[in-house]
Amino acid sequence: MKIFIAGSKESIELMREIECWLQENDHEPMPWDGIGRFPPGEQTFLTLIDISKKVDGAICIFGADDELWYRADAARQPRDNVLIEYGLFAGALGPRKALICRHDSPKQATDLLGIVSVDLSLKRRARGKLELLQWAKNLHAAPIDPVTLKLHGYIHQLETEKEKLEKRVTFEKEKSSDLKELLRKENIIDFSVLDLEKDGYWKLLFEYHYIEGATTILSQTGRIPSDIRNLLNDCGAEEIANHIAWNTTATDPTSTVRMTKKALRVFRQMYKSDTFSQFIKKLPNAIRIELTILAHTTMAQIKVE
(Lines give C-alpha, C1' and ligand atoms only; values in the text may rest on other atoms or scores of the structure.)
Protein backbone atom coordinates (compact mmCIF):
# COMPACT_ATOMS: atom_id res chain seq x y z
CA MET A 1 0.00 0.00 0.00
CA LYS A 2 1.21 3.51 -0.87
CA ILE A 3 0.75 5.71 2.18
CA PHE A 4 1.44 9.45 2.28
CA ILE A 5 2.75 10.83 5.58
CA ALA A 6 2.08 14.47 6.43
CA GLY A 7 3.63 16.31 9.35
CA SER A 8 5.63 19.32 10.45
CA LYS A 9 9.41 19.59 10.62
CA GLU A 10 9.08 19.17 14.40
CA SER A 11 7.58 15.71 13.78
CA ILE A 12 10.35 14.46 11.47
CA GLU A 13 11.71 11.97 14.00
CA LEU A 14 8.30 10.37 14.55
CA MET A 15 7.66 10.38 10.80
CA ARG A 16 10.88 8.42 10.21
CA GLU A 17 9.77 5.91 12.82
CA ILE A 18 6.41 5.49 11.08
CA GLU A 19 8.23 5.03 7.76
CA CYS A 20 10.18 2.11 9.26
CA TRP A 21 7.02 0.50 10.65
CA LEU A 22 5.33 0.67 7.25
CA GLN A 23 8.37 -0.63 5.34
CA GLU A 24 8.75 -3.55 7.74
CA ASN A 25 5.16 -4.52 6.92
CA ASP A 26 5.57 -4.33 3.13
CA HIS A 27 3.96 -0.92 2.63
CA GLU A 28 5.40 1.95 0.61
CA PRO A 29 5.62 5.09 2.78
CA MET A 30 5.59 8.45 0.98
CA PRO A 31 6.77 11.10 3.49
CA TRP A 32 6.02 14.70 2.60
CA ASP A 33 9.75 15.53 2.52
CA GLY A 34 10.68 12.75 0.11
CA ILE A 35 13.08 13.73 -2.68
CA GLY A 36 11.14 14.97 -5.70
CA ARG A 37 7.83 14.89 -3.83
CA PHE A 38 7.17 18.57 -4.60
CA PRO A 39 8.98 19.52 -7.86
CA PRO A 40 10.29 23.10 -8.17
CA GLY A 41 7.93 25.44 -10.00
CA GLU A 42 4.83 23.39 -9.16
CA GLN A 43 2.03 24.58 -6.86
CA THR A 44 2.18 22.66 -3.58
CA PHE A 45 -1.57 22.32 -3.20
CA LEU A 46 -2.05 21.04 -6.75
CA THR A 47 0.78 18.53 -6.18
CA LEU A 48 -1.00 17.31 -3.04
CA ILE A 49 -4.20 16.80 -5.02
CA ASP A 50 -2.24 14.77 -7.56
CA ILE A 51 -0.65 12.69 -4.78
CA SER A 52 -4.08 12.01 -3.25
CA LYS A 53 -5.05 10.27 -6.50
CA LYS A 54 -2.07 7.93 -6.40
CA VAL A 55 -1.98 6.73 -2.79
CA ASP A 56 -4.04 4.19 -0.86
CA GLY A 57 -4.03 6.09 2.39
CA ALA A 58 -2.60 9.04 4.30
CA ILE A 59 -1.24 9.49 7.82
CA CYS A 60 -1.33 12.98 9.30
CA ILE A 61 0.81 13.64 12.38
CA PHE A 62 -0.90 16.09 14.71
CA GLY A 63 1.75 17.47 17.04
CA ALA A 64 1.72 20.40 19.47
CA ASP A 65 3.62 22.53 16.95
CA ASP A 66 2.19 26.05 17.10
CA GLU A 67 1.18 28.16 20.09
CA LEU A 68 -2.07 30.10 19.91
CA TRP A 69 -4.49 31.87 22.18
CA TYR A 70 -7.92 30.35 22.54
CA ARG A 71 -10.49 32.23 24.63
CA ALA A 72 -7.78 33.92 26.73
CA ASP A 73 -5.88 30.64 27.27
CA ALA A 74 -2.62 29.60 25.66
CA ALA A 75 -2.73 26.30 23.76
CA ARG A 76 -0.72 24.38 21.19
CA GLN A 77 -2.16 22.96 17.99
CA PRO A 78 -0.96 21.09 14.87
CA ARG A 79 0.65 23.04 12.03
CA ASP A 80 -1.95 24.64 9.71
CA ASN A 81 -0.52 22.80 6.70
CA VAL A 82 -1.11 19.43 8.34
CA LEU A 83 -4.73 20.32 9.12
CA ILE A 84 -5.27 21.33 5.48
CA GLU A 85 -3.60 18.15 4.23
CA TYR A 86 -5.79 15.99 6.46
CA GLY A 87 -8.90 17.65 5.05
CA LEU A 88 -7.66 17.15 1.49
CA PHE A 89 -6.83 13.45 1.85
CA ALA A 90 -9.92 12.68 3.93
CA GLY A 91 -12.02 14.25 1.18
CA ALA A 92 -10.20 12.48 -1.65
CA LEU A 93 -9.81 9.02 -0.07
CA GLY A 94 -12.60 8.96 2.48
CA PRO A 95 -12.17 9.62 6.21
CA ARG A 96 -11.36 5.98 7.02
CA LYS A 97 -8.29 6.10 4.79
CA ALA A 98 -6.89 9.29 6.33
CA LEU A 99 -5.49 8.56 9.77
CA ILE A 100 -4.81 11.15 12.47
CA CYS A 101 -1.82 10.30 14.68
CA ARG A 102 -1.46 12.50 17.77
CA HIS A 103 1.55 13.15 19.98
CA ASP A 104 2.43 15.77 22.61
CA SER A 105 -1.31 16.33 23.35
CA PRO A 106 -2.16 18.99 20.75
CA LYS A 107 -5.43 20.93 20.84
CA GLN A 108 -7.76 19.42 18.28
CA ALA A 109 -10.26 21.28 16.15
CA THR A 110 -13.82 20.86 17.42
CA ASP A 111 -14.99 19.43 14.09
CA LEU A 112 -12.44 16.59 14.41
CA LEU A 113 -13.18 15.59 18.01
CA GLY A 114 -15.51 12.77 16.99
CA ILE A 115 -12.86 11.07 14.85
CA VAL A 116 -11.03 8.17 16.46
CA SER A 117 -7.28 8.83 16.20
CA VAL A 118 -4.11 6.95 17.13
CA ASP A 119 -2.13 8.13 20.14
CA LEU A 120 1.62 7.99 19.42
CA SER A 121 2.80 9.71 22.59
CA LEU A 122 5.82 7.95 24.09
CA LYS A 123 3.80 6.18 26.80
CA ARG A 124 1.32 4.83 24.23
CA ARG A 125 3.59 4.36 21.23
CA ALA A 126 3.79 0.56 21.34
CA ARG A 127 -0.01 0.27 21.38
CA GLY A 128 -0.33 3.06 18.80
CA LYS A 129 2.04 1.24 16.46
CA LEU A 130 -0.21 -1.83 16.51
CA GLU A 131 -3.30 0.28 15.78
CA LEU A 132 -1.55 2.11 12.93
CA LEU A 133 -0.36 -1.12 11.29
CA GLN A 134 -3.81 -2.67 11.65
CA TRP A 135 -5.27 0.39 9.91
CA ALA A 136 -2.70 0.08 7.09
CA LYS A 137 -3.42 -3.64 6.76
CA ASN A 138 -7.12 -2.95 6.23
CA LEU A 139 -6.68 -0.23 3.61
CA HIS A 140 -7.34 -2.67 0.77
CA ALA A 141 -10.35 -4.22 2.51
CA ALA A 142 -13.85 -2.93 2.98
CA PRO A 143 -14.13 0.18 5.19
CA ILE A 144 -13.58 -0.65 8.86
CA ASP A 145 -15.19 1.14 11.77
CA PRO A 146 -12.63 3.21 13.79
CA VAL A 147 -13.71 1.62 17.08
CA THR A 148 -13.26 -1.82 15.52
CA LEU A 149 -9.81 -0.69 14.40
CA LYS A 150 -8.84 -0.03 18.01
CA LEU A 151 -10.22 -3.42 19.04
CA HIS A 152 -8.12 -5.10 16.34
CA GLY A 153 -5.04 -3.36 17.73
CA TYR A 154 -5.91 -4.51 21.26
CA ILE A 155 -6.49 -8.10 20.09
CA HIS A 156 -3.15 -8.09 18.29
CA GLN A 157 -1.46 -6.88 21.47
CA LEU A 158 -3.12 -9.65 23.51
CA GLU A 159 -2.05 -12.27 20.97
CA THR A 160 1.54 -11.04 21.23
CA GLU A 161 1.43 -11.21 25.02
CA LYS A 162 -0.16 -14.67 24.84
CA GLU A 163 2.67 -15.91 22.64
CA LYS A 164 5.24 -14.62 25.15
CA LEU A 165 3.40 -16.28 28.04
CA GLU A 166 3.19 -19.59 26.18
CA LYS A 167 6.96 -19.52 25.64
CA ARG A 168 7.49 -18.79 29.34
CA VAL A 169 5.15 -21.62 30.38
CA THR A 170 7.01 -24.04 28.10
CA PHE A 171 10.31 -22.95 29.62
CA GLU A 172 9.02 -23.38 33.18
CA LYS A 173 7.70 -26.86 32.40
CA GLU A 174 11.01 -27.90 30.89
CA LYS A 175 12.92 -26.43 33.84
CA SER A 176 10.69 -28.26 36.33
CA SER A 177 11.07 -31.52 34.45
CA ASP A 178 14.87 -31.16 34.32
CA LEU A 179 15.02 -30.35 38.04
CA LYS A 180 12.94 -33.40 38.98
CA GLU A 181 15.10 -35.64 36.80
CA LEU A 182 18.27 -34.25 38.36
CA LEU A 183 16.97 -34.91 41.87
CA ARG A 184 16.04 -38.45 40.87
CA LYS A 185 19.47 -39.16 39.39
CA GLU A 186 21.19 -37.85 42.50
CA ASN A 187 18.97 -40.19 44.53
CA ILE A 188 17.56 -37.26 46.50
CA ILE A 189 13.91 -37.29 45.53
CA ASP A 190 12.09 -39.42 42.99
CA PHE A 191 9.20 -37.35 41.64
CA SER A 192 8.00 -40.22 39.47
CA VAL A 193 6.56 -41.80 42.65
CA LEU A 194 3.63 -40.01 44.25
CA ASP A 195 2.55 -41.73 47.44
CA LEU A 196 0.03 -39.67 49.41
CA GLU A 197 0.71 -41.68 52.58
CA LYS A 198 4.41 -40.86 52.45
CA ASP A 199 5.47 -37.69 50.68
CA GLY A 200 3.10 -37.35 47.74
CA TYR A 201 1.32 -34.35 49.22
CA TRP A 202 4.58 -32.46 49.56
CA LYS A 203 5.64 -33.35 46.02
CA LEU A 204 2.33 -32.01 44.74
CA LEU A 205 3.38 -28.57 45.99
CA PHE A 206 5.66 -28.49 42.94
CA GLU A 207 2.63 -28.75 40.63
CA TYR A 208 1.02 -25.50 39.50
CA HIS A 209 -2.57 -26.81 39.39
CA TYR A 210 -2.33 -28.26 42.89
CA ILE A 211 -0.87 -25.05 44.35
CA GLU A 212 -3.65 -22.98 42.78
CA GLY A 213 -6.39 -25.34 43.92
CA ALA A 214 -5.02 -25.75 47.45
CA THR A 215 -4.67 -21.97 47.76
CA THR A 216 -8.33 -21.51 46.87
CA ILE A 217 -9.49 -24.22 49.30
CA LEU A 218 -7.40 -23.06 52.26
CA SER A 219 -7.92 -19.31 51.76
CA GLN A 220 -11.68 -19.83 51.97
CA THR A 221 -11.29 -21.00 55.56
CA GLY A 222 -10.59 -17.45 56.71
CA ARG A 223 -11.51 -13.89 55.92
CA ILE A 224 -8.19 -12.25 56.88
CA PRO A 225 -4.53 -13.41 56.85
CA SER A 226 -4.47 -13.93 60.63
CA ASP A 227 -7.15 -16.62 60.17
CA ILE A 228 -4.71 -18.58 58.01
CA ARG A 229 -1.97 -18.14 60.61
CA ASN A 230 -4.31 -19.48 63.30
CA LEU A 231 -5.17 -22.45 61.07
CA LEU A 232 -1.47 -23.30 60.69
CA ASN A 233 -0.89 -23.08 64.43
CA ASP A 234 -4.00 -25.10 65.28
CA CYS A 235 -2.98 -27.89 62.90
CA GLY A 236 0.59 -28.30 64.12
CA ALA A 237 2.37 -26.14 61.51
CA GLU A 238 3.73 -23.52 63.94
CA GLU A 239 7.17 -23.73 62.29
CA ILE A 240 5.66 -22.74 58.96
CA ALA A 241 3.70 -19.86 60.50
CA ASN A 242 6.85 -18.56 62.20
CA HIS A 243 8.68 -18.35 58.86
CA ILE A 244 6.14 -15.91 57.44
CA ALA A 245 6.02 -12.14 57.94
CA TRP A 246 2.33 -11.64 58.60
CA ASN A 247 0.57 -8.37 57.81
CA THR A 248 -1.60 -8.00 60.88
CA THR A 249 -3.41 -4.94 59.47
CA ALA A 250 -4.51 -6.55 56.18
CA THR A 251 -8.24 -7.22 55.99
CA ASP A 252 -8.94 -7.81 52.29
CA PRO A 253 -9.51 -11.26 50.70
CA THR A 254 -6.65 -10.69 48.24
CA SER A 255 -4.16 -10.52 51.11
CA THR A 256 -5.58 -13.76 52.52
CA VAL A 257 -5.07 -15.56 49.21
CA ARG A 258 -1.55 -14.15 48.86
CA MET A 259 -0.52 -15.24 52.37
CA THR A 260 -2.06 -18.70 51.87
CA LYS A 261 0.03 -19.22 48.74
CA LYS A 262 3.09 -17.97 50.61
CA ALA A 263 2.45 -20.55 53.36
CA LEU A 264 2.30 -23.34 50.75
CA ARG A 265 5.60 -22.16 49.31
CA VAL A 266 7.19 -22.30 52.77
CA PHE A 267 5.90 -25.87 53.18
CA ARG A 268 7.65 -26.70 49.91
CA GLN A 269 10.89 -24.92 50.84
CA MET A 270 11.16 -26.60 54.28
CA TYR A 271 12.23 -29.84 52.55
CA LYS A 272 10.42 -31.96 55.09
CA SER A 273 8.02 -34.16 53.19
CA ASP A 274 5.96 -35.21 56.20
CA THR A 275 5.31 -31.67 57.49
CA PHE A 276 2.64 -30.90 54.90
CA SER A 277 0.97 -34.32 55.08
CA GLN A 278 0.78 -34.05 58.90
CA PHE A 279 -0.77 -30.61 58.52
CA ILE A 280 -3.43 -31.99 56.16
CA LYS A 281 -4.30 -34.82 58.57
CA LYS A 282 -5.09 -32.29 61.33
CA LEU A 283 -7.31 -30.09 59.15
CA PRO A 284 -11.11 -30.09 59.60
CA ASN A 285 -12.64 -33.08 57.84
CA ALA A 286 -14.37 -31.11 55.03
CA ILE A 287 -11.16 -29.30 54.06
CA ARG A 288 -9.10 -32.49 54.23
CA ILE A 289 -11.51 -34.25 51.87
CA GLU A 290 -11.35 -31.36 49.36
CA LEU A 291 -7.54 -31.42 49.36
CA THR A 292 -7.52 -35.22 48.96
CA ILE A 293 -9.83 -35.01 45.95
CA LEU A 294 -7.64 -32.23 44.51
CA ALA A 295 -4.54 -34.41 45.04
CA HIS A 296 -6.01 -37.38 43.15
CA THR A 297 -7.24 -35.11 40.35
CA THR A 298 -3.79 -33.54 40.00
CA MET A 299 -2.07 -36.93 40.00
CA ALA A 300 -4.41 -38.17 37.27
CA GLN A 301 -3.63 -35.08 35.22
CA ILE A 302 0.12 -35.59 35.65
CA LYS A 303 -0.18 -39.15 34.30
CA VAL A 304 -2.06 -37.89 31.23
CA GLU A 305 0.59 -35.27 30.53
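A salt bridge is taken here as a side-chain nitrogen of Lys or Arg within 4 Å of a carboxyl oxygen of Asp or Glu. In this predicted model, local features need pLDDT of at least 70 and side-chain atom pairs count only at pLDDT 80 or more, whereas totals for chains, interfaces and linings use all residues. Residues are numbered from 1 along each chain as its sequence is written, and side-chain values use heavy atoms, with hydrogens and water left out.

Nine salt bridges turn up when the whole structure is searched. In general, side chains of opposite charge can pair when their charged atoms come close. Helices are DSSP runs (H or I, at least four residues), as strands are (E, at least two), numbered from the N terminus.

We may turn next to the packing of α2 and α3. These helices pack at an angle of about 35°, and their axes are 10 Å apart; axes are lines fitted to C-alpha atoms, for helices over the stretch in contact, and angles run from 0 to 180 degrees between N-to-C directions. The crossing of α2 and α3 is right-handed, that is, the near helix is turned clockwise from the far one by less than a right angle. On the α2 side, F45, L48, I49, I51 and S52 meet I84, E85, L88, F89, A92 and L93 of α3, contact meaning heavy atoms within 4.5 Å. Nine nonpolar residues, one polar and one charged make up this contact (nonpolar: Ala, Val, Leu, Ile, Met, Phe, Trp, Tyr, Cys and Pro; charged: Asp, Glu, Lys and Arg; polar: the others, Gly among them).

Pockets and cavities come from a 1 Å grid over the protein atoms alone: a cavity is a set of points where a 1.4 Å probe fits but cannot get out, a pocket is an open set with protein on both sides within 12 Å along at least five of seven lines, and lining residues have an atom within 4 Å of a point. Grid points are joined across faces, edges and corners, and a volume is the space filled by probe spheres set on the points.

The largest pocket has a volume of about 1,000 Å³. Its lining comprises 29 residues, with S176, K180, F206, E207 and Y208 nearest the centre. Helix α5 gives the most to this lining, eight residues, and the lining as a whole holds eleven nonpolar, six polar and twelve charged residues.

The second largest pocket holds about 250 Å³ of space. Among its 13 lining residues, G7, W32, N81, V82 and E85 are the closest to the centre. Two or more residues of this lining come from each of α2 (44-52) and α3 (80-93), with α3 giving the most, four.

Finally, the count comes to one cavity of 30 Å³ or more. About 50 Å³ of space lies in this largest cavity, which is lined by L218, I228, L231, L232, T260, A263, L264, F267 and F279. Helix α10 supplies the largest share of the cavity lining, four residues. By class, the cavity lining has eight nonpolar residues, one polar and no charged.
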